[in-house]
Amino acid sequence: MEPGNGTQISEFLLLGLSEAPELQPLLFGLFLCMYLITVLGNLLIILAVSSDSHLHMPMYFFLSNLSLVDICFTSTTIPKMLVNIQTQSKAITYAGCITQIYFFIHFAVLDILLLTVMAYDRYVAICHPLHYTVIMNPQLCALLVLVSWVTSCLYSLLQTLMVLQLSFCADLEIPHFFCELNHMIQLACSDTFLENIVMYFGVGMLGGSPFVGILYSYSKIMSSIRAIPSAQGKYKAFSTCASHLSVVSLFYGTSLGVYLSSAGTHHSQSSATASVMYTVVTPMLNPFIYSLRNRDIKGALRRSVGMAAIKGPIVLGLKKCP
């Protein structure tokens with residue numbers, strides 16, 4: 001590999017979570033299981049929402065979009081990691097690395113924006129229940145999701161184009177299991193002042209601002225819940241947003257933990273290990289959080305599984321008929 005700009009670079013090296021050979025089979029099995037659970041769990045949420053007419057509401061429309069994004073989010077990084085472990089190769093092509101950066105940023109930002117939209121949905125449902133169906137009409141719901149997709153797409157495109165302008169030297173080892181933007185900027189030989197400004201501005205605008213919006217929504221929600229006279233009414237109101245609050249806490253808590261761990265240590269692979277929490281564990285746990293805490297989802301999943309169990313013998317019986 002020759003030093004120089006991006007057009008002269010053929011590949012980068014992903015060092016992964018550990019270079020110990022004896023840990024590679026364990027890492028492969030662990031991440032394969034987590035990936036399959038993530039994909040299956042989120043697909044079940046999408047199936048339940050799409051097949052059950054009782055769930056054709058704004059909250060579940062946003063949830064099905066979040067589940068789709070979580071599948072795409074983990075699929076951006078984990079399959080390549082599994083391939084590298086299986087083939088005992090650390091290489092990723094320059095084009096593959098740039099593509100991974102684009103889709104990782106795209107789905108990470110989209111995840112944040114959808115969580116913010118879901119917080120707004122809960123705010124309207126609890127603070128303005130009589131006007132909920134008027135405010136959260138299908139047109140607005142579709143527009144909110146569309147704006148989220150377009151915003152994340154444009155921001156990830158901007159960041160990717162800026163990475164394409166960077167020049168890299170001979171050291172092309174990335175101490176991570178995927179091409180992470182910050183590590184890519186640190187590897188660059190050229191001036192990265194503008195790239196850092198855009199990156200931190202984006203984190204503030206598309207990470208911090210939505211978080212402030214979520215906090216504001218829940219401050220209003222808590223005020224409305226406290227005003228409910230009966231304990232049963234308070235519990236019922238809070239239970240409608242408990243799952244979303246758990247997911248937001250998990251996502252932002254693990255992301256903040258990654259930031260603090262990377263800021264408090266100079267060992268880059270410690271940051272890579274910590275980032276597993278929000279890149280893999282959080283998308284894997286989201287379906288469990290929503291299905292365990294939500295009676296509507298549990299009921300829809302039972303009905304879907306029940307219908308599949310009924311249709312199976314019927315189809316087999318028809319096939320046996322002459």
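**K90 is a partly exposed residue, with a relative accessible area of 35%.** Buried means under 20% relative accessible area, exposed means over 50%, and partly exposed lies in between (1.4 Å probe, protein chains only). This is a predicted model, in which local features need pLDDT of at least 70, side-chain atom pairs count only at pLDDT 80 or more, and totals for chains, interfaces and linings use all residues. Residues are numbered from 1 along each chain as its sequence is written, and side-chain values use heavy atoms, with hydrogens and water left out. K90 forms a salt bridge with E19. The closest N and O atoms of E19 and K90 are 2.9 Å apart. A salt bridge is a side-chain nitrogen of Lys or Arg within 4 Å of a carboxyl oxygen of Asp or Glu. E19 sits in the loop between strand 2 (11-14) and helix 1 (24-51), and K90 in the loop between helix 3 and strand 3, so the pair ties together parts that are 71 residues apart in sequence. Helices (H or I, at least four residues) and strands (E, at least two) are DSSP runs, numbered from the N terminus.

**R122 and D121 form a salt bridge.** Their closest N and O atoms are 2.9 Å apart. R122 is buried, at 7% relative accessible area. D121 is buried too, at 0%. By the salt-bridge rule, the count comes to two.

**Q88 has a positive phi.** The angle is near 55°, and Q88 is a residue other than glycine. Q88 lies in the loop between helix 3 (78-87) and strand 3 (91-93). Q88 counts as exposed because its relative accessible area is 76%.

**S64 lies in helix 2, which spans residues 58-75.** S64 is buried, at 14% relative accessibility. A polar atom of the S64 side chain lies 2.8 Å from the backbone oxygen of F61. A polar contact is a pair of N or O atoms within 3.5 Å; within protein, one must be able to donate a hydrogen and the other to accept it, and residues adjacent in sequence count only if both atoms are side-chain atoms. Leaving out residues up to four places away in sequence, S64 touches I46 and V49. Contact here means heavy atoms within 4.5 Å.

**N137 sits in the loop between helix 5 (132-135) and helix 6.** N137 is partly exposed, at 23% relative accessibility. Its side chain reaches the backbone nitrogen of L140 at 2.8 Å. M57 is 80 residues away from N137 along the chain, and the two C-alpha atoms are separated by 9.4 Å.

**A272 belongs to helix 10, residues 268-293.** A272 is buried, with a relative accessible area of 0%. Not counting residues up to four places away in sequence, A272 touches L17, P175, H176 and F177. The C-alpha atoms of A272 and H176 are separated by 5.2 Å. Along the chain, these two residues are 96 apart.

**Eight named residues make a nonpolar surface patch: L143, L146, V147, V150, L154, L157, L161 and L164.** The patch covers about 690 Å². Patches are made of residues with over 30% relative accessible area and no salt bridge: like charges are joined within 9 Å, nonpolar side chains (Val, Leu, Ile, Met, Phe, Trp, Tyr) within 5 Å. L143 lies in helix 6 (residues 138-164). L143 is partly exposed, at 46% relative accessible area.

**The largest nonpolar core has 64 residues.** L17, F31, I78, I221 and I297 have the most contacts inside this core. Helix 4 (residues 94-127) gives the most to the core, with 15 residues. A second, separate core has 25 residues, including I101, Y155, F168 and L181. A nonpolar core is a set of buried Ala, Val, Leu, Ile, Met, Phe, Trp, Tyr and Cys residues joined through side-chain atoms within 4.5 Å. In soluble globular proteins, nonpolar side chains tend to be buried together.

**The chain holds eleven helices and five strands.** Of its 322 residues, 47% are buried. Among contacts between residues at least 6 apart in sequence, 77% join residues at least 24 apart. The accessible surface comes to about 16,500 Å², and 70% of that belongs to carbon and sulfur atoms. Accessible areas come from the Shrake-Rupley method with a 1.4 Å probe; for residues, only the protein chains shown count as cover.
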